[in-house]
Amino acid sequence: VAFVNACELPEELYYDVERDVWARPDPDGCLTLGMTDPAQTRAGRIVHVRVRAVGKHLPRGRSAATVESSKWVGPFPMPVSGEIVAANPLLEKDPGLINRDTYGSGWIVRVRPSDPAELADLLTGQAAVQRYGAKIREANVLCVRCADPGAAGGERS
Amino acid sequence: VKVRIVDLGRVPALRSQAAFHGVAHAMGRDTPDTIVLVSPESPYVCVGFHQEVDKEVDVEFCRQQGIPVYRREVGGGAVYLDSGQLFWHVIFHQSRVPPLVEDVYRVFLAGPVEAYRAMGIPAYHRPVNDIQVEGRKIGGTGAATIGEAMVVVGSLIFDFDYQLMARVLKVPSEKYRDKVYRSLTEYLTTIRRELGERAPTQEEGKRILIEKFAETLGAVVEFGELTERERQAIAEVERRFATEEWIFQGGGLPKRGVKIAEGIRVAESAHKAPGGLIRATVRVKDGAVDDLTLSGDFFFYPPAALRDLEAVLAGAPLDEGALAERIRAFYADRAIQAPGVLPEDIARAVLLAQDGPAS
């Protein structure tokens, strides 16, 4: 796993660097998507996520979900065009998973891509780390993760 | 840097809310960064993007009073808006704002803060997004990414109808409403309250605000008009915002009491103890009990001691052990008889108000 300014960038994942989205290809051809470490840092403690309806087809760039933190609301954009096939059920009860485990249990949606050509625009491995790293350094983002609420010093509000 | 100022003056309530949304949705890289200034002709209530209207707002009361309720594409809680406030909406292309939201607030709240100071109010930015004066809020703000735009919204509060704000909210009890009202009067202030007769008119305040935005952003401001594309986008937002489907769409954001100012929140809970139901209406300030009312159907002797217990708990940190300890000492000291209501039960009720849904 690569780190840039404390931002975690797992090399095996695919990234839409501009939109701050990660994607993991699943064996069935679908993509699991989530917010990257810089994106969750920028948003801050997330208090709510609303995903658009399963079955909805969305073009690249369109919002697949809206994310609300204690200081900001914004879209979660599609890195490729496709159909929403699932929303992470865990986020309803615990949206903070995005802050604590953004590349794991904090995934947001699964989509079935409709235009395979678009997948080539996502970066992975060293190419992703280089491009994303440059963006992180330029923006001077320092990533932070929320502590588990069960752990000492966990944030409460 | 150039910033376009669009001064819409007084417009119908819906337009006052739709205008900045439309400008944001229409924004592209070539659109000038813009600040919209507007005040609604008549009062309305506005809920946060993910709130559930029925849980937050007394819809029936608003209907009777002819106060419309709208939903914004910005987060946060339900607010009451009227012509006593001058709203400023900063709409910048997201490529031209700092990457961190904290910094976005720092950059854009400087203008309103300096405007208050120029009026003679020692205001300051309390992170993340409050503007305060001597611990009281004089302007809440919010931020959202809408389309390609980063939007920061807030207001200069000339006057505020505290009573109506407390009245339009949906609350679990009148005790709770009273605490919200008193908390608002205590922790939310206005230009009029701070300056009395020396308060500037809204027009004067607006002039100062524009000047301070220009100064703090290091920008040249140009007064401009809405483009045809923006007018169309605003009309489209107005159509959407007026539909029941948009206004009453499912929320999902858990209700966690009423936030009065940064660090100050009023909430209520009920805890079923073996001896009966304990209701705690709590104002929490910076993680401690600021003001507490206990009620319920449990037996507590001597009855007058319940008020004393509330007073004893003021200032107590919201920590189950610390609360229970204070209550235990009080029970022993005053020889309290409360069968089935242990100190831990009362501590639990107070803590639930902090954590849980308020109604």
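In this predicted model, 16 residues of chain A are in contact with 25 residues of chain B, contact being defined as heavy atoms within 4.5 Å. The area buried between chain A and chain B is about 1,800 Å², and carbon and sulfur atoms give 51% of it; buried area is the accessible area (1.4 Å probe) that two parts lose on being put together, summed over both. On the side of chain A, the three residues A:Arg50, A:Lys71 and A:Val73 supply 33% of the area that this chain buries against chain B, more than any other three residues.

The rule for a salt bridge asks for a side-chain nitrogen of Lys or Arg within 4 Å of a carboxyl oxygen of Asp or Glu. It finds one salt bridge across the interface of chain A and chain B, while the count over all chains comes to 41. Two of these pairs are set out below.

| Salt bridge | Closest N and O atoms |
|---|---|
| B:Glu102 with A:Lys71 | 2.4 Å |
| A:Asp121 with A:Arg60 | 2.8 Å |

Helices (H or I, at least four residues) and strands (E, at least two) are DSSP runs, numbered from the N terminus.

Within chain B, the axes of helix H1 (residues 13-25) and helix H9 (residues 228-241) come within 7 Å and cross at roughly 125°, where axes are lines fitted to C-alpha atoms, for helices over the stretch in contact, and angles run from 0 to 180 degrees between N-to-C directions. This angle makes H1(B) oblique to H9(B), since angles under 35 degrees count as roughly parallel, over 145 as roughly antiparallel, 65 to 115 as roughly perpendicular and the rest as oblique. Residues making the contact include B:Leu14 and B:Ala18 of H1(B) and B:Ile234 and B:Phe241 of H9(B).

Helix H4 (residues 101-119) of chain B packs against helix H8 (residues 202-217) of chain B at an angle of about 135°, with the axes 8 Å apart, which makes H4(B) oblique to H8(B). Among the residues in this contact are B:Phe108 and B:Met119 of H4(B) and B:Leu209 and B:Phe213 of H8(B).

Residues are numbered from 1 along each chain as its sequence is written, and chains are lettered from A and ligands numbered from 1 in the order in which they are written. Local features need pLDDT of at least 70 and side-chain atom pairs count only at pLDDT 80 or more, whereas totals for chains, interfaces and linings use all residues, and side-chain values use heavy atoms, with hydrogens and water left out.
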